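Dear colleague,

Please find the structure below, handed over for your records.

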Amino acid sequence: LRLLAAEDARATTEHDLNVLVEATANEAPFARGTAVRALGRLQRPEVIENIIPLLSDSVASVRTAATNAVAQAYHTSTADDVVSVLVGRATEEADPEVRGALAQALGRLDVSPTSRPRLVETLVALSASETGDAPTSTLSGVLLGFEALVRRGGGEALNAEATQRLHTLT
């Protein structure tokens, strides 16, 4: 109940923030997922060090929540400093749904023009597998990632390879 109250209050006190941080280490995956989601909803990049460890959680739903929390934490801030973290997770992650969440989160990040090509390259890579197209659960995240990236950066956000990949997927 303390966790849900702290989430609902958007951790306006140090005590509430501590409740959320402590819950990220809880045995129950639901508690960890709720805590990391709540940390992301604070939209405060300074809590990112409490979110990043959960990107490697043993439970896929918690990794998905952590991925979304990273993007949400940087909702109103430039996110160049976390691009490497999410790109690194994208290359290591095996679960198709988490890969889709990573793709969508990457597209949502507000990054400088110098970081944008790395996002595009990663989205293109996530759209494929060794045997062809990535699974549908990954592709839906990839397409949402591309949509968010283009909406943020205009047409200049995509290179020829990404444009061709989108045509092929269409």
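Helices H3 and H5 are roughly parallel to each other (an angle under 35 degrees), since their axes cross at roughly 10 degrees and come within 7 Å. H3 covers residues 29–41 and H5 residues 60–73; axes are lines fitted to C-alpha atoms over the stretch in contact, with angles from 0 to 180 degrees between N-to-C directions. On the H3 side, the contact (heavy atoms within 4.5 Å) involves Pro29, Arg32, Gly33, Val36, Gly40 and Arg41, and on the H5 side Val62, Ala65, Ala66, Ala69, Gln72 and Ala73. Seven of these residues are nonpolar, three polar and two charged, with Gly counted as polar.

The model is predicted, with local features requiring pLDDT of at least 70, side-chain atom pairs pLDDT 80 or more, and totals for chains, interfaces and linings using all residues. Residues are numbered from 1 along each chain as its sequence is written, and side-chain values use heavy atoms, without hydrogens and water.

Overall, the protein has ten helices and two strands (DSSP runs of H or I, at least four residues, and of E, at least two). Its radius of gyration, taken over C-alpha atoms, is 16 Å, close to the 15 Å from the globule rule for 170 residues, so the protein is as compact as a globular protein of that length; the rule is 2.2 Å times the number of residues to the power 0.38. Of the 170 residues, 46% are buried (under 20% relative accessible area, 1.4 Å probe, protein chains only).

Yours sincerely

Key. Parallel < 35°, antiparallel > 145°, perpendicular 65-115°, else oblique. Buried < 20%, exposed > 50% of the residue type's maximum accessible area, 1.4 Å probe, protein only.
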